[in-house]
Amino acid sequence: MSTRSWVLLLIAAVSACSDGTLPSTPPPPPPPTPVAVAYCDGLEPMWVAFQDGDGAWTQALPTPSGSNTTFRSEFSAGRGAIATLSRVGDNMTVLSVLYGTPAELLTAGDTNPRDCGPAPAKTLLGTVAQLDTNETAFVSASFNSRVRVSVDRTFELKGLASGPRDLLATRTTRTDGSDVITRLLLRRGVDVPDSTTLPVLDFASAEAFAPAVANVSLDGLGAESAASGTRLLTERDELTVSLMIGPTTAVTRPYVALPESQLLAGDLQILSASVSAATTGSARSATLYFRTPTGRTLTLGAPLIPPVFSTVASAPALRLRAHFVPQSEYDRSAVVVYQQGTTTFVAISMTAAYAALTETGYDLVVPDLAGAVGFDSAWSLHPGATLLWSAGRIGGTLGLGRDAVPSDGTVQRTVSAAGAL
């Protein structure tokens with residue numbers, strides 16, 4: 001500013017004071033936004049750092065908080081990032097970076113019951129009644145436990161977490177070369193000791209009921225084949241109703257679900273369809289959370305437009321940029337994962353809100369973390385070795401992260417592709 005400008009500014013200030021009014025002062029900056037990223041004990045990363053806007057990366061130390069471990073920071077900018085390092089097994093490292101708004105950085109954490117529940121501790125035994133020679137039964141409990149009933153009508157559910165569990169039994173009848181679900185049985189809140197034999201699951205009892213059947217149409221399928229299936233999400237568990245049946249090109253197909261009368265207030269059903277990458281090079285999926293079994297439509301997004309890769313730096317570590325162009329069907333986030341050898345993985349993700357706050361959009365850059373306390377360069381990518389990549393995008397109304405809470409009508413679309421550099 002010139003001397004004349006300073007003089008004029010001072011004259012204006014003096015004049016304001018002589019008029020009995022005080023010069024205006026700018027409002028104080030807003031207080032920083034606190035962020036606390038929580039993980040269940042045992043799932044927390046071994047190293048965490050935060051970035052406020054475009055500032056320096058700062059290490060965050062863990063703070064015990066009940067049954068969780070929390071990493072905290074404060075943000076003055078409307079965007080930021082979190083970097084975490086996790087070990088898998090003895091020598092595999094996964095360096096993850098999430099660019100988002102301060103509120104979105106919470107999604108890097110994981111306090112989801114399906115990941116954080118008690119360690120698998122028990123096995124349940126049982127038998128099934130009312131199976132004909134052309135019928136088969138499956139019993140599922142917890143998130144990943146599903147068994148086929150043996151020819152002697154017995155089953156054994158292993159690796160269940162302690163505490164109450166919900167059980168869903170399905171009976172399929174083979175007719176004209178096809179297997180059709182003809183009966184369901186849902187038993188809630190089963191909480192018995194390890195190796196307990198359960199009361200018989202009788203498909204002819206009042207505990208059993210007929211499934212609801214409706215049609216789903218797949219928009220965006222094209223000439224590809226898609227697999228589809230349904231699951232039940234309860235307060236305690238996620239249970240398979242029907243497996244992702246073999247891929248078919250049928251645009252409209254039946255799906256099986258529970259009648260709404262069998263649902264509790266917080267229950268949801270999940271209808272999914274997926275397409276492999278065999279035809280277009282992109283694997284695509286669409287998911288709908290619902291309660292009432294009725295005619296539904298799932299919309300598959302377009303194949304992934306692969307990101308454009310470039311090198312930001314090659315020393316002291318290899319830092320890459322992956323630039324994604326906008327794809328309206330995938331309006332939540334973008335991610336790219338690099339693999340070097342069998343032990344080094346680097347994952348970079350960015351939310352749509354962060355991309356909108358920058359001039360470069362979805363510009364996913366491996367950051368320079370060398371100046372952050374505790375960072376080990378062995379976790380980085382290095383030039384000269386084969387590099388594999390996979391990229392994905394997410395769209396729809398389901399929130400981000402493992403702790404996202406769906407509601408009736410929530411949808412999610414995903415797409416992914418892979419290659420080598």
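I take a salt bridge to be a side-chain nitrogen of Lys or Arg within 4 Å of a carboxyl oxygen of Asp or Glu. I worked on a predicted model, in which local features need pLDDT of at least 70, side-chain atom pairs count only at pLDDT 80 or more, and totals for chains, interfaces and linings use all residues. Residues are numbered from 1 along each chain as its sequence is written, and side-chain values use heavy atoms, with hydrogens and water left out.

**Entry 1: salt bridges**

I looked up the total and found 14 salt bridges in the structure. One of them joins Asp54 to Arg79, with 2.8 Å between the closest N and O atoms. Asp54 sits in the loop between strand E2 (47-52) and strand E3 (57-60), and Arg79 in the loop between strand E5 (68-75) and strand E6 (80-88), so the bridge ties together parts 25 residues apart in sequence. Strands here are DSSP runs of at least two residues, numbered from the N terminus.

I then checked exposure, calling a residue buried under 20% relative accessible area, exposed over 50% and partly exposed in between (1.4 Å probe, protein chains only). Asp54 is exposed at 63%, whereas Arg79 is buried at 16%.

Arg291 pairs with Glu260, the closest N and O atoms lying 3.7 Å apart. This pair links distant parts of the chain, 31 residues apart: Arg291 is in the loop between strand E22 (283-290) and strand E23 (296-299), and Glu260 in the loop between strand E20 (252-257) and strand E21 (268-275). Arg291 is buried at 15%; Glu260 is partly exposed at 35%.

I also noted the bridge between Asp179 and Arg174, at 3.1 Å between the closest N and O atoms. Arg174 is partly exposed, at 45%.

**Entry 2: nonpolar cores**

I define a nonpolar core as a set of buried Ala, Val, Leu, Ile, Met, Phe, Trp, Tyr and Cys residues joined through side-chain atoms within 4.5 Å. The largest has 36 residues, and Trp47, Trp57, Phe324, Tyr338 and Ile348 touch the most other members. I followed Ile348: leaving aside neighbours within four places in sequence, its contacts (heavy atoms within 4.5 Å) include Val97, Tyr99, Leu364 and Pro367. A second, separate core has 19 residues, among them Val128, Val147, Ala169 and Leu198.

Note on methods: Helix = DSSP H or I, 4+ residues; strand = E, 2+ residues; numbered from the N terminus.
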